[in-house]
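Subject: Structure handover

Hello,

Here is the structure for your work. My notes follow below.

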Amino acid sequence: MTPFVGRQLEVAALRSRLAETVAGDPQVVLIDGPPGIGKTALVEHFLAGVEQPLVVLRSGGEETEALLANGVVEQVARSAGAAGAGLLAALGAEPVPDPVSVGTRILDMVDRIEGEMPVVLVVDDAHWADLPSMMALVFALRRLVAEPLLALFTARAEEVAALPESLHRLVNGHRGSTLRVRGLDEEDLLELARGLGVHELGLTAAQRLRYGTQGNPLHAKALIEEFPPDRWVPLQQPLPSPRSFRVLVQDRFGRCSAAARALVEGAAALGPHCPLPLAAAVAGLDAPLPALDEAVRAELLVTDESRTPWVLSFPHPLVRAAVHDTMGPARRHALHTAAAGVVTDEAEILRHRVAAAAEPDDELAADLTRFADAEAERQAWQSASAHLVDASRLSTAPAEAQRRVLQAVEWTLLRGDAASASPFAQEIATFPPGPLRDAVLGSLATAADDPAAAEHLLATAWSAADGADSETLAAVATAIAIHHYGRLDAAGTVEWCERALAHTAPGTATRAVTQTYLLHGLGYAGRAEAAAAVGKAADEDAGADELWLNPRSARGVLRLVDDDLDGARADLESVAATATRLGILNTTAFGLAYLARAEWTAGEWDGAAVHAERAVAVNLQSDFGFMQAAVVGIAVLVPAARGDWATATAHVRAMGEGTAGYERSVVARGMARARIGEAQGDAAAVVAALEPVCGFRYRDAVDEPGFWPWQDLYADALVGVGRAAEADAFLVPHEHRAAERGRRSSIARLARSRGRVEAALGRIDAAEAAFAHALDVSDGLRAPFERARIELAAGAVLRRAGRRRRAAELLAAAEDRFTALGALPYAQRCAKELAGSGLHPARRATRDRTELTSQELVVARLAAAGRSNREIADELVVSIKTIEYHLRNVFQKLGVTGRRQLADSGID
């Protein structure tokens, strides 16, 4: 059986219609969608999940029985048991009763049932139902007033227009609705594959499956069962077509003329879309229009006549796949050879030459390698890797083939696409040991967040690299530098980056990547002047070239740490936009995440939530474990502070449990859990989350002010669990280092913690001085949340010290800041403290908008600004159904019924 996956919104919509029905408001729902999309499965799943007793009246149209008068009504009557006896008797009378008489009998049957329990009438494949039955059913349904009956009609999307007009009027009326069942998304298809016992399907394969089947679960199931993912054809070719679909297309194709078949085959060889003249040239047709007419009538091709020349495409991706599969090897060779002679784009020429290659071809492999090198120079890593993999498969010399595979995987990892790189691990492990082979395997281990495996492999690679060429030495040293960066080993990162740079030429992609990690390493070591010099050198190397994309991302972080929010945002916005356009996944995720952190610091939390969610989505696509915790940890910031525990804890669960992985991941996970713990007032949870960080072997990076701001969280939590003396000793070296660096935000955070420590130790004057210092340093900083945390901490301490008036001033200011940010847990804490002061009445902490989760708030604001569901989904990198789900919750919570009221509510 096909497992049922997804469809949460569709099931929720049906449950809502059933609730209205039970309340005495009968409903009619038309469920449409293409064949195999799961309309019947949706209805059955919905019915199976209804807990209250129901009477289900089942019927269905059948193509061969469309002329059998009242056949569908007869099925309805038989499913009603004793209540349908009168209707059955009427149907058997002579002459055949008219629809009005039958409809009246249907009403009588419903009256006999509805006194017991709600009724659900199901008419499956309504497009094949006989017309008398449909007329009788519509007659009856139009006369329902308060009967608890829900009617569900399913129909193929292309046949909906042929349904009786009376049914359309009913569906479009105040008690009717249409539910369109669309294709499954990638996550649903992954769940479907797992339900079919296929657990190795990755996100990239799921994306191909969605495109190739348009998310149709019937086609996807057939394809997965017939063709395991490891047997799928190369990325540039269509997925194989399931046998059931292939037979259907072959039947249509076989009935076409030779000219029409040739045109369809030519179009299939060229791709999903192609100009008519090209398809005609490949097919060898001088006058293609008659053949095109025939192919369109056979539903094998569709045309876009709004463009010149006309563009051909296929009604469904599987139609092209079926035609391509039907061709024999010789025919495919001939067509792709012809296509290579008529297309002009170099990448397309190479694609067709590869598709036509029947045996290894060193000349073609050399052309592919040359093109791949050019693509790599412009950081088109995905294209470069794909062409180099093709070159490896066409190479006659095993050593050359292996070198090309290793280079392709290295480039894929530079793009941050671990999902595409990891399937090569087993093949690479069979290669003879060598520095590049071990370095690539070590980089794969790094991407998987496995430092132990990476350390062994990379050490082996370097020990074998003596005498290797400069390119190999640079690649191995850079991989080791990235490993040390993940360990938060500042000195090791700098040392290995400098070794790598000694073997790279200016203006190369490898040099730009190495300069990036050198900047991070110098920043972690507190060597600001040296970092500035490296940044200047990198700028001179690249000039206006986009190769400086990666160093610019590191500079953005350094500016963020130094409280230059405008400079940081400029760098990070530019990085995120450029990396997105180039398809460099890890840099896109990094740029978006740290842009979100900059916006979080500046108090622009809605923008921060949007960019953080996009970063998480990109990281999920890349399956880059090395980056995951840092990205997801930033995504926790807004929901945790706003009290959206469901979203925050879901992110934490996605990061995994325990302390496995690189130290960079461990500290990010710890800080994420600590943020939630602080917002919930759970000091013990904060201590437990951050305790592992205290045991790190390498201290420079994790203790450098501003990079990983965990120190104030930990000190505050130590005070909260009664370990103030320990917090006192802990803070001292961090305070000294922050003062040496002159990083105001770090100084302010630590001074706030110092105030709490001094108060806990009974030194109130020292506490007040520390808070005054924190407030003074934070003046002029665009950090409203941090300022409010200082005001809250100071106000709470001063209230208990009897300085109520000053305490009330601070607490009121903090409450206003928290309220503006939507930080409900903190605003409530202020209100409680204010109430205890006796000088300020407790106020409502937030407006109604704080009843929304952080995700709902962002979606609501975008919708109120006039964005469509599609535009919001594209911006947040989620599915439309997710946006619909959030908007439905927003409308319910705010008591509005549409976008106009949402805009008028002040949500924007």
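The second largest pocket holds about 1,100 Å³ of space. Bear in mind that this is a predicted model. The lining of this pocket counts 38 residues, and Pro 34, Pro 35, Gly 36, Ile 37 and Asn 216 are the closest to its centre. Four elements each supply at least two lining residues: helix H2 (39-48), strand E4 (149-156), helix H10 (217-226) and helix H11 (243-254). By class, the lining of the second largest pocket splits into 18 nonpolar, 11 polar and 9 charged residues.

Strand E4 also belongs to the sheet.

The sheet is open and has 5 strands. Their order is E2-E3-E4-E1-E5, and the pairing is parallel. Which strands stand at the edges? They are E2 (55-60) and E5 (176-180). Each has a single partner strand, so one side of each is left without a neighbour in the sheet. On average, neighbouring strands are turned by 15° against each other, direction ignored. Strand E1 (residues 27-33) runs parallel to E5, and 5 bridges join the two. Within this pair, Val 28 stands opposite Gly 176 in E5. Helix H6 (residues 131-142) packs on the sheet. H6 touches E1, strand E3 (119-124) and E4, and its direction makes about 145° with that of E4.

How many cavities of 30 Å³ or more does the structure hold? The count is 8.

The largest cavity has a volume of about 540 Å³. It is lined by 31 residues, of which Leu 414, Ile 482, Val 513, Tyr 517 and Asn 586 are the closest to the centre. Helices that give two or more residues to this lining are H20 (398-414), H23 (435-447), H25 (470-486), H27 (509-524), H29 (549-561), H31 (585-602) and H33 (625-635). H23 gives the most, with 6 residues. By class, the lining of the largest cavity has 18 nonpolar, 11 polar and 2 charged residues.

The second largest cavity has a volume of about 400 Å³. It has 28 lining residues, and the closest to its centre are Arg 597, Trp 600, Met 671, Arg 675 and Pro 709. At least two lining residues come from each of H29, H31, H33, helix H36 (663-679), H41 and helix H43 (784-800). H29, H31 and H33 also give two or more residues to the lining of the largest cavity. The lining of the second largest cavity divides into 17 nonpolar, 5 polar and 6 charged residues.

H41 takes part in a helix pair as well.

How do we describe such a pair? Two packed helices are described by the angle between their axes and the distance between the axes. The axes of H39 (residues 711-720) and H41 (residues 744-760) come within 9 Å and cross at roughly 10°. The cut-off for roughly parallel is under 35 degrees, so H39 is roughly parallel to H41. On the H39 side, the contact residues are Gln 711, Asp 712, Ala 715, Asp 716 and Val 719. They meet Arg 749, Leu 750, Arg 752, Ser 753, Arg 756, Val 757 and Ala 760 in H41. By class, this contact has 5 nonpolar, 2 polar and 5 charged residues.

Best wishes

Methods
Residues are numbered from 1 along each chain as its sequence is written. This is a predicted model: local features need pLDDT of at least 70, side-chain atom pairs count only at pLDDT 80 or more; totals for chains, interfaces and linings use all residues. Side-chain values use heavy atoms; hydrogens and water are left out. Axes are lines fitted to C-alpha atoms, for helices over the stretch in contact, and angles run from 0 to 180 degrees between N-to-C directions. Angles under 35 degrees count as roughly parallel, over 145 as roughly antiparallel, 65 to 115 as roughly perpendicular and the rest as oblique. Contact means heavy atoms within 4.5 Å. Ala, Val, Leu, Ile, Met, Phe, Trp, Tyr, Cys and Pro count as nonpolar, Asp, Glu, Lys and Arg as charged, and the others, Gly among them, as polar. On a 1 Å grid over the protein atoms alone, a cavity is a set of points where a 1.4 Å probe fits but cannot get out, and a pocket is an open set with protein on both sides within 12 Å along at least five of seven lines; lining residues have an atom within 4 Å of a point. Grid points are joined across faces, edges and corners, and a volume is the space filled by probe spheres set on the points. Two strands pair if DSSP finds at least two bridges between them.
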